[in-house]
Protein chains: 2
Amino acid sequence: MTKPYYAVIFTSKRTSGDHGYDAMAQKMEDLARQQPGFLGFESARDEIGISVSYWESLQDIAHWKSNTDHLIAQEKGRTDWYAWYKVRICLVEREYGIDQ
Amino acid sequence: MTKPYYAVIFTSKRTSGDHGYDAMAQKMEDLARQQPGFLGFESARDEIGISVSYWESLQDIAHWKSNTDHLIAQEKGRTDWYAWYKVRICLVEREYGIDQ
């Protein structure tokens, strides 16, 4: 990815039971991928879940946060799906690694 | 956490087999927690692994990266444990959520 770009780190603890979570999570990932400025998405869950989405700008992140379907999902997240969660909006300053 | 602070996002795909990975991962987490500027650590793995460590400064991140035992683990990571990995060093600009 071409710097500068942004990472949104979403860390969460699920409540027990599905409550429509899996279907909505997939729908939100599909929808995020269609948004302007979307660069990538990675996710893993065992004891806790960590999802990271990557974006070209803070404006793109704000635009996705205010998407109507996403607002509905966010509300369900607060009321049904997560015991706790944390969102961190971060500027990626440097990156390195071994390619896939 | 008091801003500004930094997040190191470590995304990886493991090779098959343990090769001493689990023991070393725990040892490295324990050692990281003792480093100056360490603020926190979160990790999850299913298809891929995502670990995020939080630090007070870029200097603290550089200091931990150059720790002798950590350098040995990094070398084992490149040669034995990871099919690929990516490290992103990020400035946390904003955060919100529901507390644990």
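This is a predicted model: local features need pLDDT of at least 70, side-chain atom pairs count only at pLDDT 80 or more; totals for chains, interfaces and linings use all residues.
How many residue pairs are in polar contact across the interface of chain A and chain B?

1. Polar contacts and salt bridges. Across the interface of chain A and chain B, 19 residue pairs are in polar contact, with both residues at pLDDT 80 or more. The count of salt bridges between the two chains is 6. One of the residue pairs joined by a salt bridge is B:Arg88 and A:Glu95, whose side chains meet at 3.5 Å, N to O.

2. Extent of the interface. Chain A and chain B each bring 36 residues to the contact. About 3,400 Å² is buried between them, and carbon and sulfur atoms give 58% of this area. Within chain A, the most area is lost to chain B by A:Arg88, A:Tyr96 and A:Ile98, which together account for 20% of what that side buries.

3. Cysteines. The structure holds 0 disulfides over all chains. A:Cys90 is in no disulfide; its nearest cysteine sulfur belongs to B:Cys90, 5.3 Å away.

4. Surroundings of B:Cys90. This residue lies in strand β4 (residues 82-98) of chain B. Beyond its neighbours within four places in sequence, B:Cys90 is in contact with residues of both chains, including A:Cys90, A:Leu91, B:Tyr5 and B:Tyr6. The C-alpha atoms of B:Cys90 and B:Val8 are separated by 6.2 Å, although the two are 82 residues apart along the chain.

Conventions
Residues are numbered from 1 along each chain as its sequence is written. Chains are lettered from A and ligands numbered from 1 in the order in which they are written. Side-chain values use heavy atoms; hydrogens and water are left out. A disulfide is a pair of cysteine sulfur atoms within 2.5 Å. Helices (H or I, at least four residues) and strands (E, at least two) are DSSP runs, numbered from the N terminus. Contact means heavy atoms within 4.5 Å. Buried area is the accessible area (1.4 Å probe) that two parts lose on being put together, summed over both. A salt bridge is a side-chain nitrogen of Lys or Arg within 4 Å of a carboxyl oxygen of Asp or Glu. A polar contact is a pair of N or O atoms within 3.5 Å; within protein, one must be able to donate a hydrogen and the other to accept it, and residues adjacent in sequence count only if both atoms are side-chain atoms.
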